[in-house]
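User: Here's a model I'd like to go through with you. Could you show me which words rest on which cut-offs?

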Amino acid sequence: MDVIRLVEIRDTALSVDEVLRAVGDHAAGGTTLFIGTVREQDEGRPVTRLSYSAHPSAEAELRRVAEKVAADFPVTALAAVHRVGDLELGDLAVIVAVAGAHRAEAFAASRRLIDDLKREVPIWKNQLFADGSAEWVGACQGS
């Protein structure tokens with residue numbers, strides 16, 4: 001079975017249960033889960049909502065990132081999903097999960113997966129603030 005179990009960019013609500021099911025593996029002794037949510041403030045400024053946009057290549061880039069993590073770490077399964085479109089406070093924006101025989105590898109791979117996703121996958125966030133202003137933030141920051 002392929003180590004990469006779920007990699008998607010979607011405009012519908014994300015499911016923690018779906019991601020955990022995707023990485024479920026009897027060979028795994030540990031599973032890590034990271035959930036990114038829409039928070040109510042950014043650098044002291046009240047946020048009312050976010051809107052994520054992705055380049056058409058984003059899902060392919062996300063798969064490339066996942067393949068690199070799977071090649072670099074001895075994990076049994078991994079998954080990553082990112083939401084696009086309009087999100088409200090508390091909505092899930094991104095979920096990554098990694099299963100491995102041991103917790104150290106699962107933690108390290110999970111950290112790399114979310115960090116590389118944010119750095120390399122062409123997804124951008126438009127933050128809308130309570131004062132009516134907005135700010136684009138490049139989730140894809142280059143290497």
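Analyst: Let's start with contact, which means heavy atoms within 4.5 Å. By that rule Gly 30 is in contact with Val 98, Ala 99, Gly 100, Ala 101 and Ala 106, leaving aside its neighbours within four places in sequence. This is a predicted model, where local features need pLDDT of at least 70 and side-chain atom pairs count only at pLDDT 80 or more, while totals for chains, interfaces and linings use all residues. Residues are numbered from 1 along each chain as its sequence is written, and side-chain values use heavy atoms, with hydrogens and water left out.

User: What makes Gly 30 buried rather than exposed?

Analyst: Buried means under 20% relative accessible area, exposed over 50%, and partly exposed in between (1.4 Å probe, protein chains only). Gly 30 has 14%, so it goes down as buried. Gly 30 is found in strand E2. From Gly 30 to Val 98 there are 68 residues in sequence, but 8.3 Å in space, C-alpha to C-alpha.

User: How many helices and strands does the chain have, and what counts as one?

Analyst: Three helices and nine strands. They're DSSP runs numbered from the N terminus: helices are H or I with at least four residues, strands are E with at least two. Starting at the N terminus, the order reads β-α-β-β-β-α-β-β-β-α-β-β.

User: Why are H2 and H3 called roughly antiparallel?

Analyst: H2 (residues 58-72) and H3 (residues 103-120) pack at about 150 degrees, with axes 10 Å apart. Those axes are lines fitted to C-alpha atoms, for helices over the stretch in contact, and the angle runs from 0 to 180 degrees between N-to-C directions. Under 35 degrees is roughly parallel, over 145 roughly antiparallel, 65 to 115 roughly perpendicular and the rest oblique. That puts H2 roughly antiparallel to H3.

User: Which residues of H2 and H3 meet, and what are they like?

Analyst: From H2 they include Leu 62, Val 65, Ala 66 and Val 69, and from H3 they include Ala 109, Leu 113 and Leu 117. The tally is seven nonpolar, no polar and seven charged. Nonpolar means Ala, Val, Leu, Ile, Met, Phe, Trp, Tyr, Cys and Pro; charged means Asp, Glu, Lys and Arg; the others, Gly among them, are polar.

User: How do you know that Ser 110 is buried?

Analyst: Its relative accessibility is 7%, which falls under the limit, so buried it is. Ser 110 sits in helix H3. Beyond residues up to four places away, Ser 110 touches Thr 32, Val 96 and Val 98. Its C-alpha is 7.5 Å from that of Leu 33, which is 77 residues away along the chain.

User: Is Asn 126 buried or exposed?

Analyst: Buried, at 14% relative accessibility. Asn 126 lies in strand E8 (residues 123-129). The partners it touches, outside four places in sequence, include Arg 49, Leu 50 and Trp 136. Leu 50 is 76 residues from Asn 126 along the chain, yet their C-alpha atoms are 5.6 Å apart.

User: What makes Glu 40 and Glu 43 count as exposed?

Analyst: Glu 40 has a relative accessible area of 55% and Glu 43 has 78%, and the cut-off for exposed is over 50%, so both labels follow. Glu 40 is in the loop between strand E2 (30-37) and E3. Even so, Glu 40 is in contact with Arg 45, Pro 46, Val 47 and Leu 89, neighbours within four places aside. Glu 43 is in the loop between strand E3 (41-42) and strand E4 (45-54). Glu 43 isn't a glycine, but it has a positive phi of about 50 degrees.
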